[in-house]
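Biologist: I have a new model open and would like a guided reading. Where do we begin?

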Amino acid sequence: MTVRDGIGMTSERTRMRMIEALRADKIVNERVLGAMAEIPRHVFVDEGIASRAYEFDTALPIGHGQTISAPIIVALMTQLLLEKSPMNKVLEIGTGCGYQTAVLARLVKEVYTLERIAPLMDKARRHLRDLRFYNVRYKHADGHAGYAEGAPYDGILSAASASHVPPALKEQLAVGGRMVLPVGVGEQWLYVIDRTDKGFIEQKREAVRFVPLLPGLAP
């Protein structure tokens with residue numbers, strides 16, 4: 001047995017209970033559920049709180065004032081992103097500890113991910129390497145600017161809330177692509193933005209709570 005297998009509250013049985021809770025709470029995309037069933041969320045958090053890793057509606061601290069999103073939020077955002085069609089290339093804003101990155105990397109061909117806090121990016125890189133994810137490209141960067149080198153993207157997902165939709169992200173979204181991100185300061189809402197050949201279509205969805213998308217880099 002390895003650390004990734006888990007025991008007790010980090011066991012595969014506990015993980016499957018999380019999956020059933022997600023399925024009961026409107027997560028219907030079986031590919032998303034399958035990816036989350038395979039990925040050991042407990043290895044992405046500190047050992048002291050690993051026993052809470054599979055609480056489906058609980059966000060947990062990962063240091064540096066950041067959190068790992070609750071599984072229900074990861075599942076919902078990923079489901080919304082992939083709702084229309086499969087995707088080959090996705091940009092993630094806010095790598096954090098790398099759990100959402102891992103879910104995306106299980107479901108799409110290529111993931112480009114940005115993180116402004118260097119130690120978090122390094123930790124995420126180690127987690128994903130240990131779990132043998134080799135289709136992820138990392139950049140220590142301000143999320144507002146996106147990752148122009150890899151554009152255009154079929155999908156963009158942000159794990160931090162901006163005061164408005166960053167123009168660079170809209171520019172880097174391919175025609176036919178979709179962006180899912182929280183928007184707002186104080187009161188935050190999840191937005192789904194589709195790019196068509198005629199422009200952008202925005203849908204305001206669920207109320208959410210995310211850490212803010214901050215400018216600049218943190219060493």
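Modeller: Begin with the sheet. Seven strands form an open sheet, in the order S5-S4-S3-S6-S7-S8-S9, and the pairing is mixed. Keep in mind that this is a predicted model.

Biologist: Which strands are the edge strands?

Modeller: Look for strands that pair on one side only. Here they are S5 (136-140) and S9 (199-208). On average, neighbouring strands of this sheet are turned by 15° against each other, direction ignored.

Biologist: In what sense do S3 and S4 pair?

Modeller: In the parallel sense. S3 and S4 (residues 110-115) share five bridges.

Biologist: Which strands does helix H5 touch?

Modeller: H5 (residues 118-130) packs on the sheet and touches S4 and S5. The direction of H5 makes about 165° with that of S5.

Biologist: How should I think about side chains along a strand?

Modeller: In a regular strand, side chains alternate between the two faces of the sheet.

Biologist: Now the hairpin. How many bridges join S1 and S2?

Modeller: Three. S1 (residues 60-63) and S2 (residues 66-68) pair in the antiparallel sense. Leu60 has Ile68 in S2 as its bridge partner. Two residues lie between the strands of this hairpin. His64 takes a positive phi there, near 60°.

Biologist: Leu60 also has Ala50 ten residues away along the chain. What separates their C-alpha atoms?

Modeller: A distance of 9.5 Å. Ala50 sits in the loop between helix H2 (30-38) and S1.

Biologist: Is Ala50 buried or exposed?

Modeller: The cut-off for buried is under 20% relative accessible area. Ala50 has 10%, so it counts as buried.

Biologist: On to charges. What is the general idea?

Modeller: Side chains of opposite charge can pair when their charged atoms come close. In this structure there are ten salt bridges.

Biologist: Which residue forms a salt bridge with Glu30?

Modeller: Arg23. The closest N and O atoms are 2.8 Å apart. Glu30 has 45% relative accessibility, so it counts as partly exposed. Arg23, at 32%, is partly exposed too.

Biologist: And which residue forms a salt bridge with Arg52?

Modeller: Glu55, with 3.1 Å between the closest N and O atoms. Arg52 is partly exposed, with a relative accessible area of 38%. Glu55 is partly exposed as well, at 29%.

Biologist: Which residue meets Asp194 in a salt bridge?

Modeller: Lys84, at 3.5 Å from N to O. This pair links distant parts of the chain, 110 residues apart. Asp194 is in strand S8 (residues 188-196). Lys84 is in the loop between helix H3 (71-81) and S3 (89-93).

Biologist: Are the two partners buried or exposed?

Modeller: They fall in separate classes. Asp194 is at 7% relative accessibility, so it counts as buried. Lys84 has 48% and is partly exposed.

Biologist: What else joins Asp194 through its side chain?

Modeller: Arg178. A polar contact of 2.7 Å joins the two side chains.

Biologist: Which residues are in contact with Asp194, leaving aside neighbours within four places in sequence?

Modeller: Among them are Gly177, Gly199, Phe200, Ile201 and Gln203. Lys84 and Arg178 are on that list too.

Biologist: Finish with the whole chain. How many helices and strands does it have?

Modeller: Six helices and nine strands. Buried residues make up 54% of the 219 residues. The C-alpha atoms fill a box of roughly 50 × 40 × 35 Å along the principal axes.

Biologist: What radius of gyration does the chain have, and what would a compact globule have?

Modeller: The chain has 16 Å. A compact globule of 219 residues would have a value near 17 Å, so the two agree.

Biologist: What share of contacts comes from residues 24 or more positions apart?

Modeller: They account for 56% of the contacts with a separation of 6 or more.

Key. Residues numbered from 1 in each chain as written. Predicted model: local features only at pLDDT ≥ 70, side-chain atom pairs only at ≥ 80, totals over all residues. Heavy atoms only, no water. Pairing = 2+ DSSP bridges. Helix = DSSP H or I, 4+ residues; strand = E, 2+ residues; numbered from the N terminus. Salt bridge = Lys/Arg side-chain N within 4 Å of Asp/Glu carboxyl O. Buried < 20%, exposed > 50% of the residue type's maximum accessible area, 1.4 Å probe, protein only. Axes fitted to C-alpha atoms, helices over the stretch in contact; angles between N-to-C directions. Contact = heavy atoms within 4.5 Å. Polar contact = N/O pair within 3.5 Å; in protein donor to acceptor, adjacent residues only side chain to side chain. Rg over C-alpha atoms; globule rule 2.2 N^0.38 Å.
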